[in-house]
Structures are given as C-alpha cells and as structure tokens.
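Hi,

Here is the structure I said I would send over. Have a look at it first, and then read on for what turned up.

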Amino acid sequence: MIYHLTAFIIGYVLDLLLGDPFGGFHPVVWIGKLISKLTSIFLSEKDSGQQKRKKGLLTVIIVITISLFLTSVILIFAYTINTIFGIIIEAVITYQCLATKSLYSESMKVYFALKDYGLEAGRQAVSMIVGRDTKALNETGVIKAAVETVAENTSDGIIAPMLYLAIGGPILGICYKAINTLDSMIGYKNDKYLDFGRFGAKLDDIVNFIPARLSAFLMICSCVFLGKDYSTRNAYRVFKRDRFNHSSPNSAWPESACAGALGIKLAGPATYFGKLVEKPYIGDSLRAIELDDIKRSNKLMLCTSLICEVICIFIMLIFVI
C-alpha cells in the first residue's frame, strides 16, 4: 500500500507537470489502435443488429482482457526487478491514466485561438476536443463547447480514473481507460455503431456512474475556495434541477454543477454529423457567456481534481496506518 500510495502521488504530480506525452508512447493510443483493428475485422454492414451486438461484446472483452493482461505483466516484471523501479513504472502508468494537464492545455488552445486569431481559429481548435460539428458555431457556441468539454471531462478524464487508480492501481486504471476509449470510438448512436458499440457505451455509463456524481459534488465544494466568480449556492441549485438534462445518465451531473457555479447556460441544441440534435439547456443565463469562462472552468476543474486527490490520499493513508 505504501508503494501504491507513493506511485499514486507521483503520478498525479507528473500529470500536472507534463500532460500527455506526444507520439505513440501512451496506453490509450495502443488501446485505440487495438479497437480500430478489431472494428475493421468484426464490423460488417451485412450483419444483422444482433450479430453486430455480439461482435461488439466480443470486441469489448478482447480489449479489456488484453489491456489488463499487459498491464499486469508490466507491473509484475517491474516490481520483480526492483521495488524502486516498480514504483516508477506504476507512477508512469498512473500519470498516463490522468488527463488534468492535457485537458487544461487543449481547452486553453481554444481560449488563445479565439483571443489571438478570431472565430475561425477558435472553431478549428474546439473541433479537436468535441464531437459536435463546429463550422457554424458563433463565438458563444465555441466557448460553450470548450466549457462543457472541461466540465464533462473533469469526470471522465480525471476523477473517474483517479478513483479507479486509488482503488485498484494501474490495473483498474487501465481497465477504465480501455472502457472509456471503447465508448469514445464505437459508442456513437448512429447507423454504423448503434448496435456494435452498444455494450461498450453501456459499460462506460456504468463505470462512470459514481465518478460523475462525485465530480459534481466536488465541483460544488470547490466553489468555496475559488472566490467571487463562483457560486456554491447556485452550483447546487442548478445541479439539483438540471442534473438529468442529458441523454447520458452521467454527463449532465458535472455540467450542471459547472454551469451553476459560473452562472451561465450550457448545452442546448447541437449538430452532430450534419444532423441537428435537440438537447435541453443546463443552467441559467445569469450573465452573458464570455471568453474568460474557459479559464474559469479550468480553475474549477483543477481545484476539483486537487480535492479528489487529497481525499484519495487521506483514505489510502488510513489503510497504511
């Protein structure tokens, strides 16, 4: 447990300092390549819906099994060589499971693109981090998309993997990342992936159920420490009212807390793959959305991640003592 706690802390610090490594040296990249390969093998337009669901389930099983096996082998091998080497490898895998710095960096690219180069640059920057169509977004739409991404990925990219890392180390952390990557790649509700990606999408909903709710509560608590630009009371009010305003059982929880904290309105209708999707709004327009809301959402995200890290460390210390 002491080794695990040490690696857990080092991994979080590395994530804050370094962010995602460039190139192919990242487990999510390898997992993504595996999913792409299996999809090309299994997915066929000629298959019935039932056949696609069975092959989708098989894809999920293979991806998770290989991810767990390789992570276990790497950790066992590292700790067999030397305890310090084992801690280092565990810390590196822990760091690669988290996305605090990369979420901050990618969303701030949208901020600086809008600020320095204008709307078209902002659209291009935000298209790199959202799934919706961005070509027709106005400046407010670009800012909203960036803020929503920060809010949602506070749960998916930080709090959820952090919880699974704390409970089960890199093995459970990589398992979560495999499930989350499956949902990101084949969990779309379109003609191509509706059946094939169904099991992956449902599994992602399950593993994010508790983290999404915890993320919302931690966001609300974070407002206490962040000053006059954040409202704890309004965050809780909007969260309580709008936390179910999304087709996903999880996404609206952190988004509603964030919208309430900032006093802005998020979500609403959006275009995906050329098709307009009617979605309910989240939050209230207590003021106009402005560029600095991207900064504010990141500040909320960073405070939320720090609080969660401290709570996890405290609980793990109890078991050590």
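Keep in mind that this is a predicted model. I315 counts as partly exposed because its relative accessibility is 42%, and a residue needs to be under 20% to be called buried and over 50% to be called exposed.

I315 also belongs to a nonpolar patch on the surface, along with M1, I2, Y3, I311, F314, L317, I318, F319, V320 and I321. Together these residues have about 1,200 Å² of accessible area. Two elements give two or more residues each to the patch: α1 (2-18) and α12 (292-320). The largest share is from α12, with 7 residues.

Next, V92, which you will find in helix α4 (residues 83-97). With 25% relative accessibility, V92 is partly exposed too. V92 and L14 are 78 residues apart in sequence, yet their C-alpha atoms are 7.9 Å apart in space.

C258 is in no disulfide either, as the nearest cysteine sulfur, in C223, is 8.6 Å away. As for accessibility, C175 is buried at 14%, and C258 is buried at 1%.

Cheers

How values were computed
Residues numbered from 1 in each chain as written. Predicted model: local features only at pLDDT ≥ 70, side-chain atom pairs only at ≥ 80, totals over all residues. Heavy atoms only, no water. Patch = residues over 30% accessible without salt bridge, like charges linked within 9 Å, V, L, I, M, F, W, Y side chains within 5 Å. Areas by Shrake-Rupley, 256 points an atom, 1.4 Å probe, with all protein chains shown as cover. Salt bridge = Lys/Arg side-chain N within 4 Å of Asp/Glu carboxyl O. Helix = DSSP H or I, 4+ residues; strand = E, 2+ residues; numbered from the N terminus. Buried < 20%, exposed > 50% of the residue type's maximum accessible area, 1.4 Å probe, protein only. Disulfide = S-S within 2.5 Å.
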